[in-house]
Structure formats: C-alpha cells, structure tokens
Amino acid sequence: MPLALFGGSFNPPHVGHLAVAEACADAGGLDTVLWMPAATAPHKQDDPTLASAEDRLEMVRLAIQGNPRFEASDLEIQRGGVSYTLATVRRLAGRYPGEDLVVILGGDSLNYFPSWRNPHGILELARLMVYRRPGSELANAPDWVRRRTTVVDGIPLHLSSTHIRNRIAQGQTVRYLIPEAVRQLVEAKGLYQM
C-alpha cells in the first residue's frame, strides 16, 4: 500500500493540515502518512516567525497522536539545511524500495511544483496527491505533472499557519484551530508571540 510524504513547515500544524492528511489517506488508501517538518523550507529561509525545528516536530507529534496512519518523521530535520523534496523522496525510495511513494500537496502548491528543484526527478520516484484548495487552478499544471497527479476533493478550508501565527501574535484565541495539545505547547513556550 502507498506511503505518503506530507512535508511542510508546520509552523504550527493546524486542523486544516489534519483534514488534508486524513482526506488524502482515505482517498488514496494510504497505509502511512509521514508528517515531515522541513529543517528549513526553501521559500522560508529568512522567516523570523519560524519556530525551531524541534518545536515544530514536537507540535506535529502532538497534533497527530492517536491516528495510527500518521507518523512524525525527523528525516529532514536530521539532514539539516534547506529541505528539498527531491532529496527526501530519494531517501525514502532507498529506505522503502519498491514502495508506492506519494507526495501530498495542497492545490496551491501544485501551481509552483514545476519550479521546484528537479520536479521531473521527484515524479520519477513518486506521484503527487493534491488536495484541492480554494483558489487553486489544477488545470494550469502542465500535462507531465497532471499525468502523475491524483486530485482529492475535500472540505474547503480557509485556514493557514500564517493566519494562526497572526492571531497568536495579536493575543487572539486559536482554540479549535489547532489541536489542543499543540495550543498548550505554543502557550507554554510562548511561540509566535511577537
């Protein structure tokens, strides 16, 4: 059965991430979804709001606890540096030879996929599973990407980690937007309070 990589900053992980991963796991018959916080995302290298890799990994662990299909992975954090999907997919292909590898993306990310580092190399080793998000135009993806992509329709979610960080910085509640255990960790550590 397929093994999925669900990567991102997870800064912080929120209920939208959980809904996306669950919908993709159901739609794709995924045995395992590896939640993999990036050590440093290529597009967020200078982000002053980025929590430490260790804090983001701990938040992921708290967010996914109790779901037997979800696992937290520190693969990119242990590797360090900028996290590129190609390097991660290559490592997963080496660890799980012959496994059907899937990379989960939000529909908005599919629009940028052709500009990622060696997208052809990624698609040689894995296929994409794209969760349709509001405002995403999947038809704009090139044919060579669409051929290796499965689209998952789910609940339209208008939630982002940026929105959550802004609410925290302004002293507003994020209860029910992030898992309770994550909210407690964010408060205990004073994360995202500018």
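**Charge, fold and core**

The chain carries 20 positive and 20 negative side chains, and the centres of these two sets are 3 Å apart. The model is a predicted one. Its chain contains nine helices and six strands. With a radius of gyration of 16 Å, close to the 16 Å given by the globule rule for 194 residues, the chain is therefore as compact as a globular protein of that length.

**Dimensions and surface**

- Along the principal axes, the C-alpha atoms occupy a box of roughly 45 × 35 × 35 Å.
- The accessible surface of the chain is about 9,500 Å², and carbon and sulfur atoms make up 48% of that area.

**Burial and contacts**

- Among the 194 residues of the chain, 46% are classed as buried.
- Of the contacts with a separation of 6 or more, 71% are between residues 24 or more positions apart.

**Nonpolar cores**

- The largest nonpolar core has 21 residues, of which Leu92, Val103, Leu110, Phe113, Leu128 and Val145 touch the most other members.
- Two or more residues of this core come from each of β1 (3-8), β2 (32-37), α4 (85-95), β4 (101-106), α6 (119-125) and β5 (127-131).
- Leaving aside residues up to four places away in sequence, Val103 is in contact with Leu5, Thr85, Val89, Ile122, Ala126, Arg127, Leu128 and Met129.
- Another core, of 20 residues, lies apart from the largest one and includes Cys24, Ala25, Val33 and Ile104.

Conventions. Residues numbered from 1 in each chain as written. Predicted model: local features only at pLDDT ≥ 70, side-chain atom pairs only at ≥ 80, totals over all residues. Heavy atoms only, no water. Helix = DSSP H or I, 4+ residues; strand = E, 2+ residues; numbered from the N terminus. Rg over C-alpha atoms; globule rule 2.2 N^0.38 Å. Buried < 20%, exposed > 50% of the residue type's maximum accessible area, 1.4 Å probe, protein only. Contact = heavy atoms within 4.5 Å. Areas by Shrake-Rupley, 256 points an atom, 1.4 Å probe, with all protein chains shown as cover. Lys, Arg positive; Asp, Glu negative; His and termini not counted. Charge placed at Lys NZ, Arg CZ, Asp CG, Glu CD. Core = buried A, V, L, I, M, F, W, Y, C linked by side-chain atoms within 4.5 Å.
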